[in-house]
Amino acid sequence: MGTIGEAVRRRRSGLRAGVAGRILDFALIAIIAVFLILLGTKVVDHGGSFFLQILTFAVANGGIYALIALGYTMVYGIIELINFAHGDVFAFGAFLSASLLPVFGLREGGEFGPGSAVALLAVFALTMLACGFLNISIERIAYRPLRHAPRLAPLITAVGVSFFLEGALFLWKGPSNVHYPNVIPNAGFELFGATIGAKDLLVITVSIVLMIGLALFVGRTRLGKAMRATAQDRDAALLMGIDIDRTIAATFFIGAILAGAGGTMYGLYYNTSVFDLGFSAGLVAFTAAVFGGIGNIYGAAIGGMIIGIIRTFWDGYFDSAWTDVIIFTILILVLIFRPTGILGMRVPEK
Amino acid sequence: MQRRWLSAAAILASFSLVVACTPAPAPAGGGGTDKGEIIIASNFPTSGADRASGRGPEAGVAYAVQLNSSIKGFKITHKPYDDSVNGVHDPQKGAQNFNDIVGNAKILGVVGPFNSNVARATIPVANRASLVMISPSNTNECLTQTFSYCDPQPAALRPTGKNNYFRIAAPDTVQGPAMADFSVDVLKATKVAVWSDNETFGKGVADNFGKEIVKKGGTVVVRQDFDWKTTNDFRPFLQRAKDAGAQAIYAGATSATHGCIPRAQMKSIFTTDIPYMGPDGIGTSDCITDAGDNANANLYFTNAAAEAAQDPANKALIDDFKSKFTAKEDLAAYTFPGYDCAKILLDAISRAIDTAGGKMPTREQVVQAVQDTNKLKLSTGTYSFDKNGDPTSATMAFYQYQTAAKDWVFVKQFSVGG
């Protein structure tokens, strides 16, 4: 049983050995250098406060993508399934929280007091739980019966679930963009000429806290250990007395509560969502997961952050029309040199 | 078993043949409809996000046909087509619709399409069949006028060499610059940040807006094109606009291509509010929803057609329309332009029937009759066409959001060309 790691090492050494490999290496370094020089001159042109401002947006953006990417990577890590429906669970989170806000008295243009903070927390909690249970049900109904089927079968079911959820969201709030109430104050504080808004702060803090929480959970708790064991070798884990079904369900649940938080923050941050948001945001987040090394939670966090940063910096300093081209060009370059992504894949290939 | 199915099918087929051959009973009174049926097709994006744009003119056409259900012994009916795929207008779908339309001999004209890129894909299809089309809302200048930058050129869209395409909206060469003039002269904003959705229409108006701003002595401080399908994040652009001292923002987009989402996001970037302007595509109720708590009097759009409600003579007509078409999307900016296009077509068909000696006119005769339209007074203006198919005089109207009314209100309008 060869691991991906071995294959990679073989492939990389093969690449490095040839003259073509060296030229490729050189080309990659040259491209990165040219890009950094170009960015450097632009940064100098626009000044330091603009840089700091864009960096703030970039980290907030990256935080949201990272939260979604984590769900893809966790599910892939444990059952090697690309859960296409995950993006739609995220969109469901955005839709649900938009509807919950007024229920908890959070209205556009209303005062934001301490009571509102508690209400917002409740909205977050409820949305995250609802997303979690939605994802568990998806796993129970659409994936678990197919666990021993050929790998393509659950993949296609995942696509089906994704369309089903999109259809449901379409029926719920219609085809147009859905405006997300602007409930977070627009105020912020000045830092070296840049404005760090309450929204930026909220998104950055919540995403970092959740990611640290996830890392602790996976690394320190019994269930986290069970997840890692199941990801490594499902049969051995079963022999050790780990309840596989429960562990897998827990993985889906945790991935989805992160997506629920991401969906809520996406709405609060951009003030918009749409029924097929899960497709476009999911594609970016999935890319982030692959970028960082699918199956690896640190990789997903880093990949999400990097994609958020590239996207926002490109939008801020260069021509937005090329943003996606740039992201995918970088993805291709990274995958040529590191086929398993930045941090590689930790699960052995079966 | 199989034979029984066959005979059943045969009986069914012969029965339907009998039904088809039986002449429909002529309704009593009126003009009579015994000479046959003439169909007016319409082609708009009427499902999904684009329904907010496309349903208005479709309802306008349906209303015009309802009011004129027979002409000189012919029964007039309306056949609507939808060119949206997954909620967004689609040129291929449009071309597919037109292939169906040209194959139906009873269809003598089409009202539509709504979008310029759909027009570009459908004009050649209709042209080969000499079928007349009249659009209430296409504004891309390259559909009718020859400029060095046009690709394809108007002549390439008309393989037969003879024009079959008409429109009543003012081209983009007018809509963008009109808002630029408005920005500099009325709003006193000379430093403007411009973005577009990178589509034929959006980029066209944004470019023309920018050119006119420069011509008037102003500057375009930031210029960006967005892939609207993958981004909702306009903060970096807005921040750049703010840092560059923008006094206004122009969106070359429609509400479906995220035209008004930046408006909501402006609230957390701009401490002092600045005007936000766009073309007719953002003049929808969706735009107001998208702008959220930042929908205020600083929100403007141009409409490439006159506002029917501005003419008091139209009051009875509009009231009657409202009583028959009650859905939210039915009455939008292009409802009465759509109605007027159908009226132009009906007027032309009526004259073409005379040309044909009271018989079913040919499609060529209808094209000629539309071309010959002479100062026809309708709800949104008085129409004649030049040889390119453009209206000889078009009206440009300006709208502003009004918080008290919670809706777009008319600011002013003026005639261009002529």
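Buried residues account for 54% of the 418 residues in chain B. This figure, like the rest of what follows, comes from a predicted model. As for secondary structure, chain B carries 12 helices and 17 strands. Its radius of gyration comes out at 23 Å, close to the 22 Å that the globule rule gives for 418 residues, so chain B is as compact as a globular protein of that length. Laid along its principal axes, the C-alpha trace of chain B covers about 75 × 55 × 45 Å.

B:Thr403 sits in the loop that runs between β16 (393-402) and β17 (407-417) of chain B. Is B:Thr403 buried or exposed? A residue counts as exposed if 12 or fewer other C-beta atoms lie within 10 Å of its own; B:Thr403 has 10 other C-beta atoms within 10 Å, so it is exposed. Leaving aside residues up to four places away in sequence, B:Thr403 touches B:Asn296 and B:Ala297. With B:Asn296, the separation is 107 residues in sequence but 5.7 Å in space, going C-alpha to C-alpha.

Turning to chain A, there are 13 helices and 4 strands here. The radius of gyration of chain A is 21 Å, close to the 20 Å that the globule rule gives for 350 residues, so this chain, too, is as compact as a globular protein of its length. Its C-alpha trace spans about 60 × 55 × 40 Å along the principal axes, and 47% of the 350 residues of chain A count as buried. Of the contacts in chain A with a separation of 6 or more, 78% are accounted for by residues 24 or more positions apart.

Chain A splits into domain 1 (7-44) and domain 2 (47-337). Taken over C-alpha atoms, the centres of domain 1 and domain 2 of chain A are 31 Å apart. What do the two put into their contact? Domain 1 of chain A gives 4 residues and domain 2 of chain A gives 5 residues. On the domain 1 side, the residues that touch domain 2 of chain A sort into 3 nonpolar, no polar and 1 charged.

A pair of helices in chain A also deserves a look. Helix α3 (residues 48-79) and helix α12 (residues 297-317) of chain A pack at an angle of about 145 degrees, and their axes lie 6 Å apart. The crossing of α3(A) past α12(A) is right-handed. Sorted by class, the residues in the contact of α3(A) with α12(A) are 15 nonpolar, 9 polar and 1 charged.

Finally, the two chains meet. The interface brings 31 residues of chain B into contact with 27 residues of chain A. Which elements of chain B each supply at least two residues of the side that touches chain A? These are α2 (51-67), β10 (219-225), α7 (235-243), α8 (261-266) and α9 (285-291) of chain B. The largest share of that side, 6 residues, comes from α7(B). By class, the residues of chain B that touch chain A fall into 7 nonpolar, 12 polar and 12 charged.

Conventions. Residues numbered from 1 in each chain as written. Chains lettered and ligands numbered in written order. Predicted model: local features only at pLDDT ≥ 70, side-chain atom pairs only at ≥ 80, totals over all residues. Contact = placed C-beta atoms within 7 Å. Nonpolar A, V, L, I, M, F, W, Y, C, P; charged D, E, K, R; others polar. Rg over C-alpha atoms; globule rule 2.2 N^0.38 Å. Buried ≥ 20, exposed ≤ 12 C-beta atoms within 10 Å, placed from the backbone. Axes fitted to C-alpha atoms, helices over the stretch in contact; angles between N-to-C directions. Left-handed = near helix turned anticlockwise from the far one by under 90°. Domains from an automatic or database assignment.
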